[in-house]
Every structure is written in C-alpha cells, then in structure tokens.
Amino acid sequence: MASCSHFSSANLKIPTDSSRIHKEECTLCFDSQDLPPGIDVCLTCFNAGCNSSERHHAETHYQKTNHPLVLNVYRMLKDKPKRAVETEPPQKISKLAIVPESDKDKYEYVTRAKCYACGGMEVDKTLPFVIDSVMTSLSALKKSEAEAWEKEITACDHTRNLKQDPPKTLESKVLAHCKECDLKENLWLCLTCGSLGCGRQQYGGSGGNGHGLAHFDKTKHPISCKLGTITPEGTADIYCYLCNDSKLDPYLGNHLGNFGINVESQLKTEKSITELELERNLEFDFTMITEDGKELEPLFGPGYTGIKNLGNSCYMASVLQAVFSLDAFQQRYYPTAMEHHLQCPQEPANCLQCQLSKLADGLLGGRYSQPVQAGEAENDKRGQDGISPAMFKALIGKDHDEFSTMRQQDAHDFLQYLITIIERKEHNNPENDPTNIFKFTAQQRLQCLECKRVRYTENSESIISIPVPAHKIEGSEEKYEPITFEKCIESFTGDSMIEYFCPACNKETHATTNKRFVTFPEVFVIHTKRFDETENWVPRKINVPILFEQDILNFDKYIAHGKQENEELLPDSSAPAIDEKVLNQLFEMGISEIGYKKALIATGNNGTESAMNWLMDHMGDPDIDKPIASSSSTLGPSEADVSQLMDMGFTKTRAQKALRETNNDVERAVEWLFSHSEEDSNEVISLQPGHDSNSTIGDSILPANYRLQSFISHKGTSLHCGHYVAHVYKDQQWVLYNDNKVVKACQVPLGEAYIYILCRVRS
C-alpha cells in the first residue's frame with residue numbers, strides 16, 4: 001500500500017454537525033454502498049460518487065473539483081437472518097425508528113482510502129481520525145429524514161405552559177388499564193391530573209373506546225401522553241386536545257416525573273401514531289387494485305423500475321412514474337445527463353437537473369430493475385428493490401411547508417408543484433422545458449344576464465380540474481351511479497350561473513360563465529375533483545365510477561370562438577368587489593383578503609365562484625399572501641425591462657403587467673409571471689384554425705384527439721391517508737407501478753382514477 005503526498009495538500013476536513021455527508025449512494029446515480037465495489041466519499045467536500053466500470057461518477061467529481069482523496073465504502077450483510085413465521089415484520093420507517101448508522105450487528109463495512117491524483121490507487125490511511133469521523137457521522141440522507149420528521153411535530157403553548165396537579169406517584173396497577181374499561185393498549189395519560197384513558201378507535205376497528213377524549217371533554221385538561229411510546233431519550237406521542245393535533249412536549253421528563261414516572265427507565269413497547277399511519281398507508285396492496293386470487297406477473301428491465309416507499313411518499317412515486325413515461329421528460333433528462341454533470345457548477349445533491357437526470361437514469365436504464373431472490377417463506381414473491389429517491393425528495397421539498405415533511409400529500413398538488421419548479425428552473429432555456437407539453441390557453445367567458453355584455457379572460461394553464469357529478473344509487477349510502485368521462489368534461493366546459501357585480505349595470509346581478517380551450521396541449525393532464533368539502537372543511541372522497549366509452553377522445557367541440565361581432569364587452573372594473581360572506585368563509589380556511597383579491601384579479605373579476613376555484617388551484621403559490629403591488633407608480637416599466645421579459649417568451653402586455661405588479665423589479669416579475677401565468681384580458685389571440693399563438697402553450701389545430709396514456713389512482717377515504725399507484729400504457733400493455741412493485745396489470749381500474757394523463761394523437 002503506497003503512501004501519498006496529496007494528504008498534506010488535499011484540504012481534508014473533519015465533519016461537523018452542519019456537514020452534509022453523502023455516503024449511502026452516489027449523488028448522480030443510484031449505485032450504493034451495498035453494490036460492489038462500493039462508493040467513493042470525497043474527503044474534502046463529502047460528495048459520494050460511484051466507481052463502477054460503467055459510470056465513474058467519482059472520477060468525474062475529481063475532474064471537476066480536483067479533490068483527490070476519497071474513502072471507498074462497501075457495506076455487506078454479515079448474515080441474512082431467516083425470519084421465523086411468528087416473528088413481527090421489520091418496523092416501518094419513522095423518526096423514532098431511525099437506527100444508528102454503525103449497525104455492526106447487521107453489516108460489515110470495508111473501507112479503503114484512495115487517491116485519484118495517483119491514478120485511483122489505494123493509499124495508506126494516515127489520517128484515521130478523518131475517516132472515523134466520516135463513518136460515525138450521521139449521513140445527509142439520515143439528516144434529511146430526521147429533519148422531515150421533526151418538521152411535522154412542534155411544541156405548543158399548552159405543552160410549554162402546562163399546569164399540573166400536585167405531585168403524586170401512580171401505582172403500577174393504575175397504569176395497567178384504562179380507568180373506565182379493561183383495555184390495556186393504546187392508553188393515554190392525562191399530564192394534568194394523571195387520569196388514564198383509552199384512545200379513539202383507529203383504522204380497521206382497532207384502538208379504543210375514546211375514554212381519553214371523554215376525560216378532556218369533562219375536564220378540559222389539554223395534554224395527554226401515550227404510554228408505551230415513551231423512550232429513555234424523553235420522546236413520546238403527545239396529543240393536545242385544544243390544538244387537536246400531535247405536539248412536542250419539551251418538558252416531558254418533568255411532567256412524567258410529577259407522577260413518579262422516570263423516563264430513563266422506559267422502553268418503547270407500542271407503535272407511535274406516525275408508525276401506525278405509515279403502516280396503514282402501506283397496507284394498501286395489490287388486492288385493492290386488481291381482482292383477488294390472481295398472481296400478478298412482475299416486470300423487469302428498462303422503464304420497469306419501481307420506487308421504494310420512503311414513508312408516505314407514494315404520492316411522489318406515482319407522479320414520477322407517470323411523467324417519466326412521457327417522451328419529453330425522457331429526452332430532456334436521460335441522454336443529456338453526462339453532458340450536464342460535466343458542466344454543472346452546483347453540488348449534485350443541490351441541483352434539480354442533476355437529480356432529475358439521476359431519476360431518469362434510475363427509472364429508464366433498467367440497471368436497478370433486477371429480480372431479487374425470493375425468500376423461503378410462502379408469501380415471499382419475486383420482485384425488485386427499485387430505487388430510493390430520498391435525495392430528490394429532500395431537494396424538491398426544501399423550504400416547502402408540506403413536501404418537506406413525511407406526511408401524506410395530494411398527488412395533484414405535488415404534480416402542480418413539480419411543473420412550477422421545473423418551469424422556473426428552465427425559464428432561461430424555455431425550449432428545453434419538458435413541461436411545455438402540458439401548457440395550453442384556456443378562455444373564460446362571462447355574460448351579465450341583465451345587460452348581456454360579455455368579458456373574455458384567457459389564462460395559460462397546465463392542468464384542468466374537472467367536476468365529477470355525484471348521484472347516489474337509490475337505496476345506497478356509499479355507492480354512486482357511473483358517469484362518462486365526456487359528461488365530466490361537459491360539466492367543466494358548460495354554463496354555470498354566479499352572483500356578479502356588473503360594472504356596466506353598477507349593481508349586484510347574475511351572470512353565466514363557461515370555459516373553453518383557445519389552444520390544446522400536447523399532453524392533457526386532467527385532475528378529477530373526487531374530494532368534496534364537508535361543513536368543517538374536511539375533504540371527503542366521493543367514489544364515482546368514470547366510464548371511458550371510446551379509445552380516442554375528441555375535444556373539438558370545446559374549442560373557444562372568442563368575441564363575436566354582435567357582442568359588447570363589459571367595461572373594466574377599477575377594483576374587485578369583495579363578497580363579505582365568501583371572505584369570511586375563506587378566512588376560516590386560512591386564506592387572506594390579499595389572496596382573495598388576487599384571485600378576483602386573476603379571474604377577471606368574474607365572481608366569487610371563479611375566484612374560489614382559482615384559489616383552490618393556487619393555495620400553494622409562494623406569494624399568495626404577499627401584498628398586491630401598486631400599479632399607479634409615476635414611473636412605468638422601462639422598455640429595456642419589458643424587452644428582457646419578452647426575450648424570455650412573454651408577450652409585451654404580460655411583461656408590462658408583471659412589472660407594474662412588482663414595482664418594476666425584473667427578477668420578481670419573472671417569479672410573478674410563473675406564479676400567475678394568465679394572459680391579459682385585453683390581449684386577443686387569433687382563433688383561426690391552425691393558428692399557433694405560442695409554441696410553448698399548445699396549438700389550436702383540429703382535430704384535437706387524445707388517447708389515455710397513464711393515470712394515477714388513490715385508495716382511501718381522505719387526502720391525508722391512503723395510497724397512490726400509477727398505471728402506464730407501454731409496450732402494448734397496461735403496467736401497474738405500486739411503489740417498488742412493477743407488474744403487468746390484469747384489470748385496469750380506469751373508473752377509479754384521480755388524475756388522467758392523455759397524449760395527443762396526430763393524424
């Protein structure tokens with residue numbers, strides 16, 4: 001083993017608490033420390049690169065950074081334990097279940113120091129303290145997981161300022177079962193008085209009789225702790241009934257000590273709420289989406305790679321499988337990966353294009369879609385490990401209140417967010433933006449029923465949300481009559497009546513509105529509104545079967561025709577009229593008055609219903625609550641600023657409007673344009689057949705024929721629980737992607753889809 005002179009000049013660093021150490025897998029592909037010959041961890045910046053015979057991403061990193069010294073890490077299972085039939089399955093991922101990385105009972109680590117400046121040869125480990133620090137430090141992946149779980153639960157004023165009864169020691173028999181019944185599990189201790197009550201009934205009928213909640217209703221004691229989840233580190237499931245949510249108790253040790261309970265002697269014996277939720281979501285399996293009793297045929301190879309569930313991440317996996325089945329995403333991120341890697345100035349883990357290219361390589365290359373050996377148990381089936389896109393999830397969710405957590409999310413919201421993030425990334429190179437395939441121009445027509453004048457508003461959009469009319473089958477409380485997909489589209493494009501303040505009549509009146517398509521996209525993303533709001537604004541799922549009666553769907557009759565010669569336009573209103581009743585409802589939903597006003601402006605002041613629909617689609621916008629910039633500035637937008645925005649592909653009218661809304665700040669104007677991508681209502685787009693107003697927002701060439709290419713389904717009763725899967729039509733068959741399980745679909749549940757993705761069929 002040779003000594004190396006580069007140790008003294010390599011600027012080696014000992015990891016600190018803030019260091020992000022990538023050591024599980026390569027930052028540019030999904031080769032991991034578990035695959036021979038392991039991965040190389042840079043001892044200067046802690047990037048991880050593979051050094052397989054096919055890729056050489058570690059060497060690419062050296063060529064870009066001139067960081068010569070690496071630590072090669074190869075992890076091997078010491079022994080594959082045979083699980084007894086009666087043994088409990090491995091614990092699902094949770095923050096409490098994150099295990100130390102030096103799991104010496106399970107793995108053996110082989111490490112070698114190498115120098116790329118010396119040709120990649122192994123060198124003497126003359127700095128063991130640096131190497132030991134890398135191996136014992138928490139990795140970037142584990143840090144991201146821990147941070148995601150920590151974001152979910154925070155302390156509240158009720159836990160911080162809890163007032164307890166005088167100290168007393170609770171006897172073991174008092175803590176053995178519920179005070180009001182004989183239940184011995186799912187027991188919650190009131191941290192005010194020490195009363196022990198059972199929990200509420202949980203998914204599947206398990207749980208309790210609700211005596212803990214009954215105690216709160218009677219006493220208003222707010223904080224309870226779930227026995228069996230207390231750990232020696234002072235963590236446990238804490239619930240605040242006043243906040244109606246799980247909370248963190250920063251003084252749990254003291255609060256439990258008030259009743260003679262020493263946290264240091266406690267052992268976790270029950271699953272936490274988070275673990276139960278994860279288990280519930282992951283229990284949705286093949287039998288829920290195919291006919292029972294038939295074994296599904298697993299598929300392997302390029303394009304048939306599954307995605308591991310990272311814990312409530314099925315919403316992300318289903319969206320990624322659907323979008324990477326599209327040619328535009330494949331061509332943007334798969335063949336261009338190496339070229340971008342060599343030129344990218346960012347750290348790969350922090351570069352969106354690097355991570356999207358990594359996903360494309362992982363999903364499309366087939367390298368990670370290999371059958372794994374079946375176990376000896378009867379229920380072990382041949383499958384694949386798939387890929388684990390934890391690095392992408394950490395990056396895409398960064399700074400987002402919801403997607404940065406480990407909670408279940410709405411696949412529709414995530415798809416919209418992904419499109420927006422990619423648009424912003426590609427705004428300097430719009431011709432490379434793969435989301436262009438989703439874009440089209442929609443026209444909303446409003447007509448006052450008294451003066452008969454009209455207003456046309458045109459918006460650039462990427463997704464439409466269609467209603468699903470629900471009619472219960474007579475005599476049934478749960479089942480609904482089927483409806484055709486065409487009827488749902490007609491409900492979206494048909495006339496509806498709204499209350500409206502007419503600026504021409506100068507009074508409250510009624511108006512009709514409808515929506516049509518000025519241009520059609522290459523790929524139509526259609527979200528079905530399967531979730532209704534209850535009286536308490538809680539989403540409730542409506543399972544209406546949707547029927548597809550034709551293979552080819554024609555949208556010609558939904559094309560917009562624009563202003564007619566015999567129509568008179570409504571005058572522009574100087575300020576949006578505020579409906580106080582609707583405003584109060586929006587306040588209850590957490591929407592500000594600023595957001596409501598923005599919605600009225602964005603929809604051309606076409607009434608509260610249109611504004612509320614706009615808000616439902618833009619509640620995640622980062623500037624939804626930012627004040628509306630004044631448009632009465634004495635200094636208007638400069639021609640240079642307008643030209644700069646026009647060079648990015650925006651029209652002059654929209655560029656001027658964006659600059660006015662952002663006080664002539666070009667950078668903010670770009671963000672505004674992508675967050676509020678509406679066309680100015682006075683800007684007329686030619687509607688002559690064959691006219692292409694902008695290559696990035698579809699075209700109006702007829703016929704507008706589409707065929708279903710993929711769809712995403714949701715199983716469960718609420719957006720906050722359940723499971724998402726994707727079906728994709730490829731190689732003349734329907735393929736089911738259920739996390740890391742990829743199989744040939746026997747029965748295709750078209751009628752249950754939540755999101756439909758249709759591709760244009762050209763003549």
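## Aromatic pairs

The predicted model holds 30 aromatic pairs, where rings of Phe, Tyr and Trp (its six-membered ring) pair if their centres lie within 6.5 Å; planes under 30 degrees apart count as stacked, over 60 as edge-to-face and the rest as tilted. Phe30 and Tyr368 form an edge-to-face pair, with 6.0 Å centre to centre and 80° between the planes. This pair links distant parts of the chain, 338 residues apart: Phe30 lies in the segment before strand E1 (39-42), and Tyr368 in the loop between H11 and helix H12 (390-396). Helices (H or I, at least four residues) and strands (E, at least two) are DSSP runs, numbered from the N terminus. Phe30 is buried at 7% relative accessibility, and Tyr368 is buried at 9%; buried means under 20% relative accessible area, exposed over 50%, partly exposed in between (1.4 Å probe, protein chains only).

Phe329 and Tyr333 form a tilted pair, 6.3 Å centre to centre with 45° between the planes. These residues are about one helical turn apart because they stand four residues apart in helix H9 (residues 327-333). Phe329 is buried, with a relative accessible area of 2%, and Tyr333 is buried at 2% as well. Elsewhere, ring pairs join Phe440, Phe492, Phe517, Phe520, Phe524, Phe555, Tyr558 and Tyr706 into a cluster.

## Strand E17

Six of the seven residues of strand E17 (residues 523-529) are buried. Strand E13 (residues 463-467) runs parallel to E17 and is joined to E17 by five bridges; two strands pair if DSSP finds at least two bridges between them. In this pairing, Ile464 stands opposite Ile526.

Strand E26 (residues 753-760) pairs with E17 in the antiparallel sense, also over five bridges. Here Val523 has Cys759 as its bridge partner.

## Charges over rings

Arg75 lies over the face of Tyr107, 3.8 Å from the ring centre. Lys220 lies over the face of Phe216, at 5.0 Å from the ring centre. A charge sits over a ring if NZ of Lys or CZ of Arg is within 6 Å of the ring centre and within 35 degrees of the ring normal.

## Basis of the model

Residues are numbered from 1 along each chain as its sequence is written. This is a predicted model, in which local features need pLDDT of at least 70, side-chain atom pairs count only at pLDDT 80 or more, and totals for chains, interfaces and linings use all residues; side-chain values use heavy atoms, with hydrogens and water left out.
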